[in-house]
Amino acid sequence: MEYEQLVRNEVEQWKRKVTKKSGVLNRVTKNTQSKINNILPDKVRDMMTEAIKKMVQGVLYGSEFLTKSHDDDQLLSLQEKDQLVKKKLQTYKKIATVEGAGTGGGGVFLGLADFPLLLSIKMKFLFEVASIYGFDTKLLSERNFILYVFQLAFSSSEHRKQVLSIIEDWENNRPEVDWGTLQQEYRDYIDFVKMLQLVPGIGAVVGAYANYNLLDELGETAMNAYHIRLFTE
């Protein structure tokens, strides 16, 4: 119980952090990206949304079959499950770092390939986390929850508030994912860093550093999101 109370306190601190108003630079970047997005023809926006939707759905489908069963871990305490998740996170951060360095140092074409590869790593990690905490990723509702965790990690502070409220009330309200919002928020969130990854000479360093930190943020978000889920059930 002492550990559980410690985790509850950490969740509350984390919630304050993720709902804090974004800085001036982030707001300016977001506004600029939104204006650019609004200039794009509807057909182009629809094509981008559909492309990311198909990509994510493909990764979700593949991750279902590649995720190791963690049925034996359900007898573990919350603290032991958290330790297992942290161990998994270290592994995925190393994979993402190597992938980012390799694609970042390979020029424009390999740099562009980083997008689906990194997406696959992130989704595979989220499936692992869900399974460790005892949730059945074969269920459509659990895959939808994974997508909301994904959005909570990679969105503007304004959208994070909305997503957090959905996660906190998941047992009563399980809305379908808005794919247009998901793709725009994710794209806007990582655009600047990924553009730097294409720059010759610094691409490998930027790619490795960016992917490491993106996985680190995803790990923190996933643990807190599933803690909220466990505490509200």
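This is a predicted model: local features need pLDDT of at least 70, side-chain atom pairs count only at pLDDT 80 or more; totals for chains, interfaces and linings use all residues.

Visitor: How many helices and strands does the chain have?

Guide: Helices (H or I, at least four residues) and strands (E, at least two) are DSSP runs, numbered from the N terminus. Here the chain has 9 helices and 0 strands.

Visitor: Which residues of the largest nonpolar core touch the most other members?

Guide: A nonpolar core is a set of buried Ala, Val, Leu, Ile, Met, Phe, Trp, Tyr and Cys residues joined through side-chain atoms within 4.5 Å; buried means under 20% relative accessible area, with a 1.4 Å probe and protein chains only. In this core of 52 residues, they are M123, F125, L126, I167 and Y226. The largest share, 10 residues, comes from α5.

Visitor: With which residues is F125 in contact, leaving aside neighbours within four places in sequence?

Guide: Contact means heavy atoms within 4.5 Å. F125 has V85, K88, L89, Y92, L218, G219 and A222 as such partners.

Visitor: At what angle do the axes of α6 and α7 cross?

Guide: Axes are lines fitted to C-alpha atoms, for helices over the stretch in contact, and angles run from 0 to 180 degrees between N-to-C directions. The axes of α6 and α7 cross at roughly 150° and come within 9 Å. Among the residues that meet are F145 and Y148 in α6 and V163 and I167 in α7.

Terms used: Residues are numbered from 1 along each chain as its sequence is written. Side-chain values use heavy atoms; hydrogens and water are left out. Buried means under 20% relative accessible area, exposed over 50%, partly exposed in between (1.4 Å probe, protein chains only).
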